[in-house]
Amino acid sequence: MTGIIAWPFFRREFSALLKSRKSQTMGLILLYTLAAVPFLLQHPPPEVVEAVESWFNNGSTFVVFVFVWIDLALNKTIVLLGALLSAGIVVDERARNILTLYLSKPIRPESYYASKTAAAVVVFAWWYGVTAIAGTLTLPYRIEGFQPVTFLAISSIHLFAGTFAVCLSSALSQSFERRRSAFLASMLAIMLLVGLAFVPFYDHDLWVIGALNPFFHAISIFSELDHLTYGHVISRILLLLGWNVAAIGFGIHKVSKLEV
Amino acid sequence: MSEAISISSLTKRFGQLTAVDAISLTIAPGTIFGLMGHNGAGKTTLIRMLLGLTRPTSGTGRIFDLDIVADTIEIRRQCGFLPAGFKLPGEMTARQFLRYIASMFDLEGRLVDERIQELIPLFHLEAFVDKKMSEYSTGMMQKVGLAQALINKPRILLLDEPTAGIDPIGRYEFLELLKSLSTEEGVTILFSTHILSDIESVCEEAAVLHEGRLIGHGRIDALKAEHGCDRMEELYLKLVRETTA
């Protein structure tokens, strides 16, 4: 994968994207979420606590927090952020009639696409990382029984579910002519996957749906919080990394057929 | 020395439509070569094939010793290109945009900044280079467009309708700049237009395309003499009418 990245272009794109309005909006959304969730946890809805208890056999404040933080807050945020960051890659340039100019430079369409997607992924990871670190530093004072190491471990896994949303949005967009259509289709697809991620918790017979859903792998760790090991964390990160690579690979395949 | 551009029986079909029909021509290094033809004549498709942006259906083409299908990336490294009807990203300044384009050539740092400093006075961009391009006029956009095409010091410049939408003074300056690039730096320039006076004022040689076919090609003065015409408009209309008759 690294061979397909045009590094000077990637660095320039990353720097431009990080300073862009959409990146700053994303940072604000994540930091707002971090500030708001502890207030929500002061009076968690009883049905949420009950569901968490029945799914994970643990209804402690920390486990309820993890569920609220990852699923109710971040997963919903990711639906928007994935599409916001990468739904316009290639599509936007084509709509603005500047793709021909860019692709007339010595950069292959596949490299152009992969470098831009990688920049979006790193910008996402940047803000996610900032939020996770800020959470690790502030939440022990706001959440009863907060476990910083477990929080960081879960965040490390979930980060790759977020980057998958970015990669998927970028890949799906290659089937659309306009950014707006690409944006909506990406949001719908990610929303569907996030929505279906909890299905195996409701009905264990539907585990296949979970196995094929990257977001399930990001949240299935919840049932192991009491006995979390490096193996649990690393295996899920690798699995999600595979989904990321597959999504980028799909996008590269689409872009490789591009003629402008 | 090899030809700057040589193409042989180059053809491009889009389904039933033949956009470029078996065109053969050569362009010597350092020449300003005009490509005439009305909209849909095949000018843009021909230029895109030279840059590997679209694959020929048949035929061959070379830019210096490089094959237009096999050596696309190296060709793009040696060429500058300004497409027709492009829209620059308004959220960037011209300086940011030029750095962005340079990064696609793997160019970074001081080298790029020095090159940008060379280009700014060439296009009188001093007062605008750090302003967002959303504030630019069409003429300014076109200047930045040409500046980006020169960022890599190209040996060949491919310009698609470069003077469309520019006011007369801007057009004059633009054409003078093309002349100086050709005479002082030996850049080969292929530019397409349907503004025939532009061709007449800067080109030594030209080709006329009509419905994808090459209907006239050679030195402009020789073409005029051959067809008994004094003006470009006259020559162009005569060639088109002879073909459609």
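Here is our conversation about it.

Tutor: Happy to! This is a predicted model, where local features need pLDDT of at least 70, side-chain atom pairs count only at pLDDT 80 or more, and totals for chains, interfaces and linings use all residues. Residues are numbered from 1 along each chain as its sequence is written, chains are lettered from A and ligands numbered from 1 in the order in which they are written, and side-chain values use heavy atoms, leaving out hydrogens and water.

Student: Which element gives the most to the lining of the largest pocket?

Tutor: On a 1 Å grid over the protein atoms alone, a pocket is an open set of points where a 1.4 Å probe fits, with protein on both sides within 12 Å along at least five of seven lines, and lining residues have an atom within 4 Å of a point. The largest pocket holds about 970 Å³ of space, and among the residues closest to its centre are S20(A) and E91(B). Helices are DSSP runs (H or I, at least four residues), numbered from the N terminus. With six residues, the top contributor to the lining of the largest pocket is α1(A).

Student: How many charged residues does the lining of the largest pocket have?

Tutor: Asp, Glu, Lys and Arg count as charged, Ala, Val, Leu, Ile, Met, Phe, Trp, Tyr, Cys and Pro as nonpolar, and the others, Gly among them, as polar. The lining of the largest pocket has 10 nonpolar and five polar residues, and its charged residues number 13.

Student: Is α8(A) mostly covered or uncovered?

Tutor: Helix α8 of chain A runs over residues 148–173 and reaches 37 Å from its first C-alpha to its last, close to the 38 Å expected. The expected span is 1.5 Å times one less than the number of residues. Buried means under 20% relative accessible area, exposed over 50%, and partly exposed in between (1.4 Å probe, protein chains only). Since 20 of its 26 residues are buried, α8(A) is mostly covered.

Student: Why does F164(A) count as buried?

Tutor: F164(A) belongs to helix α8 of chain A, and its partner W243(A) to helix α13 of chain A. W243(A) counts as partly exposed because its relative accessibility is 27%. F164(A) counts as buried because its relative accessibility is 4%.

Student: What kind of aromatic pair do F164(A) and W243(A) form?

Tutor: Rings of Phe, Tyr and Trp (its six-membered ring) pair if their centres lie within 6.5 Å; planes under 30 degrees apart count as stacked, over 60 as edge-to-face and the rest as tilted. For F164(A) and W243(A), the centres are 5.9 Å apart and the planes 80° apart, making the pair edge-to-face.

Note on methods
Points joined across faces, edges and corners; volume = space filled by probe spheres on them. Helix = DSSP H or I, 4+ residues; strand = E, 2+ residues; numbered from the N terminus.
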